Amino acid sequence: MRPELAQRSTDADAWLRNASSGFCGITLPGEGDCTGGSEGSWALSAQASVSAHAAAQACLARCAACARCRFITTNHRTNDCSWYLNCDLGRLKDFWSDDFKSGVVREHLPPPRSMVKVPTLAVPQLDSCTL
């Protein structure tokens, strides 16, 4: 097994151990806005839908490429991988199916670049010189 696949498998195992039953919310089909939005979803491939583990593995990889993805919900039976900026894991919805699993992927997101303060150096003003 390639090292990156082994890492993804380990990540999926850990995520599933900590995941809760239920889903964060209803998402519309489509990736959503990973740079400014609050949720979206991706359809899982047939290969990623063979098990809860495969679904988690695929969904974690998609989330890693989506800047605002902090939480995911997966369901391998419905081919669902949904992402959320916010999710109250203590109040998950659990109707429709017991196969929904939700959990945190990233605790915090880095602040947007526009909010990052970059230190500036004071440059002394020079008076104009005459020759």
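The legends below describe close-up views of a predicted model.

Residues are numbered from 1 along each chain as its sequence is written. Because the model is predicted, local features need pLDDT of at least 70 and side-chain atom pairs count only at pLDDT 80 or more, whereas totals for chains, interfaces and linings use all residues, and side-chain values use heavy atoms, with hydrogens and water left out.

**View 1. The pairing of β3 with β4.** Strand β3 (residues 71-75) runs antiparallel to strand β4 (residues 80-84), the two being joined over five bridges, where pairing requires at least two bridges found by DSSP. Within this pair, Phe71 stands opposite Tyr84 in β4.

View 2. Ile72 belongs to strand β3 and counts as buried because its relative accessibility is 0%, buried meaning under 20% relative accessible area with a 1.4 Å probe and protein chains only. Leaving aside residues up to four places away in sequence, Ile72 touches several residues, including Trp15, Cys59, Leu60, Trp83 and Val105, a contact being heavy atoms within 4.5 Å. The C-alpha atoms of Ile72 and Ala19 are separated by 9.4 Å, although these residues are 53 apart along the chain.

Terms used
Helices (H or I, at least four residues) and strands (E, at least two) are DSSP runs, numbered from the N terminus. Buried means under 20% relative accessible area, exposed over 50%, partly exposed in between (1.4 Å probe, protein chains only).
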